Amino acid sequence: MINKHLRLMKFVFFAALCLQFVACKNEALPPEPIDPLPSPQQMDWHEMEYYAFVHFNMNTFTDIEWGLGGESPKLFNPTELDVRQWARVAKEAGMKAIILTAKHHDGFCLWPSEFTEHSVKNSPWKNGEGDLIQELADACKEYGLKMGLYLSPWDRNHKDYGRPEYITYYRNQLKELLTNYGDVFELWVDGANGGDGYYGGANETRNVDRTTYYDWETTFALAREYQPRIVAFSDGGPEVRWVGNENGFANATNWAPLRRAEFAPGVADSKQLGTGHEDGTHWVPAECDVSIRPGWYYHKDQDDKVKSLEHLLDIYYKSVGRNANLLLNLPVDRRGLVHENDVKALIELRKTLDETFSTNLAKGKKATSSDDRGSKFKAQNVLDGDKSSYWATKDEVIIGELEIDFGKPIEFNRLVLQEYIQLGQRIKSFEVEALIDGEFHTIATETTIGYKRILRLPDTKTQKLRIKINDAKASPTISNIEVYNAMTEPN
Ligand code: FUL
C-alpha cells in the first residue's frame, strides 16, 4: 500500500516537473517572425533616425540646380572650404551622418577619379591636389559620424552616357568611392536620369530605358561586395526607399515592407512610396529627403528662406515620428561652409527637440496588459529602456490592451511608440485612451507604428494611459513607450 502511494507521489511529482518544463519552454518562445524582416544593416540604419545631406558641387558655383555637364572645372573654387565645420555642425545638430553629392547630374567629381578629367584635380581648389571625399571621411571619423555618398547615375558630362561603356565607368567610380575611403554606410542613387546634356561635346538628348540600362542588380551587388555593411537608397530600395516627395513627409500609415519588384530608380509611383505596402515582399523602409532651404544647392537669394523652427519640427514629426528616417539637406555655400542662417536653424531645432524629449514621464512607472505570452514578454518591458525586451501577446491574441499607470495625474502631449520590428512590422491600427474624470476617453486613433511613431497630442492631464491594439498582422510586439510634455515648441 505504502509502495503504491509512493509510486503515485513519484508520478505526480514527475508530471508536475514536466508541466513546469513545458510551461517554461512555452513562455520562453517569442512569436514567430512575420516576413519581411529588417537585415542587421537596416536595423543599424533605423537607429540613425536623423542625418545630413550636403549638396555641394559644381552647381554651387554656377548658381543652378542641374548643370548641363559642359561646365569648366576651373569654376569649382571654394575660398574657405572646411569640411570639419560641416561635421561639427552636424554633430551639434544631433545628426548621425553626412551624405555628400560626390557626383551630381553634371558629372563633376569631388574626388580625383582616375577615370575622368572632369573633377577636382583640374580645379583651382588646392591647386588640383584636393580630395573632398577624403576630407569628408576624415572629418566624419573625427566627429563620430557615418559617411554616405551620392553618385548620380545620370551623367551629363560623360561622352558615353546612354551606351554600355558608361555603365563600366559608373561601376569603376563606385569602386573608387567604396574601396578608397573607409566605411560608407549608405549609397544614394537618385531617380533623375536621361535627357539633354553636354555628353563630351555632343550636346544632344539621350534617353535611357530606366529599368534595363543600368542593370542595378549587378551594381548593388558590387556595392555590397565592396562594403558589406552598406545600404543602398533609390526610389524602390533595395535597402532604403524614397518617401515619394521632397517635403520631408511620410504618410501617417507607413509600412516598411514594399513590393520591391514594382520599382526601379526613376520608375516609381510616388504615392505608394509614402505608405509602403502592408503586403510588401521586402523590408524597404522610407527615408525623407528634404532641403533646409527651397533649393538643394546654395543660392544667395535664398539666405532668408531657411525653413522656420515650426516647419522643421513638422518635418521631424512627419518623418522620424512616422517610421522614416530624416535626411535634411544643407546647401553648403560658395565659401565651402554651412551658412550661418542654416546653422542657427539646426541648433534651434536641436535645442527644442532636446527640451521636448528630456523627461520621459513613463520612466519607472507601471505597465499592465490584457494579455501576454509569459513573464519574458510582460507589459513592463515597454518601460524598461531596454530595446531588446518587448511586450508580446499570445499568438491567437491580436487585439491587445496595454495600460500605463503614472501613480498620480501627469500632463503630457507627446507619445513615442516602438514595435519590436526584428519580428516584422505587425500593427495595423491602434487607439490611445486617457483616463479623464474617471472615464477613459479616446485621444488618438491611428494605424501603423513600425520602428518609431511619435504622436503629437493635445495637452492632456491623466493618471492612466491605455494603448489599444485594434488590428495587427499577427500578435503585436511593442518594445518601447515614452511619454513627454512639450512645453517650448511653437504652436
Ligand atoms: C533628385 C535630383 O534631381 C536633385 O537635384 C537632388 O539631388 C535630389 C536630392 O534628388 O533626384
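**Briefing on a predicted protein model with a ligand**

Met48 has its place in helix α2, residues 40–48; helices (H or I, at least four residues) and strands (E, at least two) are DSSP runs, numbered from the N terminus. This is a predicted model, in which local features need pLDDT of at least 70, side-chain atom pairs count only at pLDDT 80 or more, and totals for chains, interfaces and linings use all residues. Residues are numbered from 1 along each chain as its sequence is written, and side-chain values use heavy atoms, with hydrogens and water left out.

**Confidence**

- The average pLDDT of the protein is 94, and 95% of the residues score at least 70; pLDDT is the predictor's confidence in each residue, from 0 to 100.
- Over residues 16–26, pLDDT stays under 50. For this stretch the model has one contact (heavy atoms within 4.5 Å) beyond four places in sequence.

- Met48 is buried, with a relative accessible area of 5%. Buried means under 20% relative accessible area, exposed means over 50%, and partly exposed is in between (1.4 Å probe, protein chains only).
- Leaving aside neighbours within four places in sequence, Met48 is in contact with Lys96, Ala97, Lys146 and Phe185.
- Met48 and Leu326 are 278 residues apart in sequence, while their C-alpha atoms are 9.1 Å apart in space.
- Gly70 lies in the loop between α3 (58–62) and α4 (83–92), and at 43% relative accessibility Gly70 counts as partly exposed.
- From the C-alpha atom of Gly70 to that of Gly197 the separation is 7.9 Å, although the two residues are 127 residues apart along the chain.

**Helix α7**

- Helix α7 covers residues 216–226, and its residues Trp216, Thr219, Phe220, Leu222, Ala223 and Tyr226 are buried.
- Seen down the axis of α7, these buried residues fall within an arc of 155°, so they line one face of the helix. The arc is that of the directions from the helix axis to the C-beta atoms.
- On the face of α7 turned away from the buried side are the exposed residues Glu217 and Glu225.
- The buried residues of α7 pack against α6 (164–179), β4 (186–188) and β7 (231–234).
- Thr219 lies in this helix, α7, and counts as buried at 1% relative accessibility. Apart from neighbours within four places in sequence, Thr219 is in contact with Tyr170, Arg171, Leu174 and Tyr214.

**Ligand**

- The ligand is surrounded by 13 residues, of which the closest are His55, Trp66, His104, His105 and Tyr150. A residue is near a molecule or strand if one of its heavy atoms lies within 4 Å of it.
- An N or O atom in the side chain of His55 is 2.7 Å from an oxygen atom of the ligand.
- For the side chain of Tyr150, the distance from an N or O atom to an oxygen atom of the ligand is 2.8 Å.
- Asp190 has a polar side-chain atom 3.4 Å from an oxygen atom of the ligand.

**Cysteines**

- A disulfide is a covalent bond between the sulfur atoms of two cysteines. Here a disulfide is taken as a pair of cysteine sulfur atoms within 2.5 Å, and the count by this rule comes to zero.
- Cys140 is in no disulfide, and the nearest cysteine sulfur, that of Cys109, is 19 Å away.
- Cys140 is buried, with a relative accessible area of 2%.
- Cys288 also counts as buried, at 0% relative accessibility.

Definitions and conventions:
A polar contact is a pair of N or O atoms within 3.5 Å; within protein, one must be able to donate a hydrogen and the other to accept it, and residues adjacent in sequence count only if both atoms are side-chain atoms.
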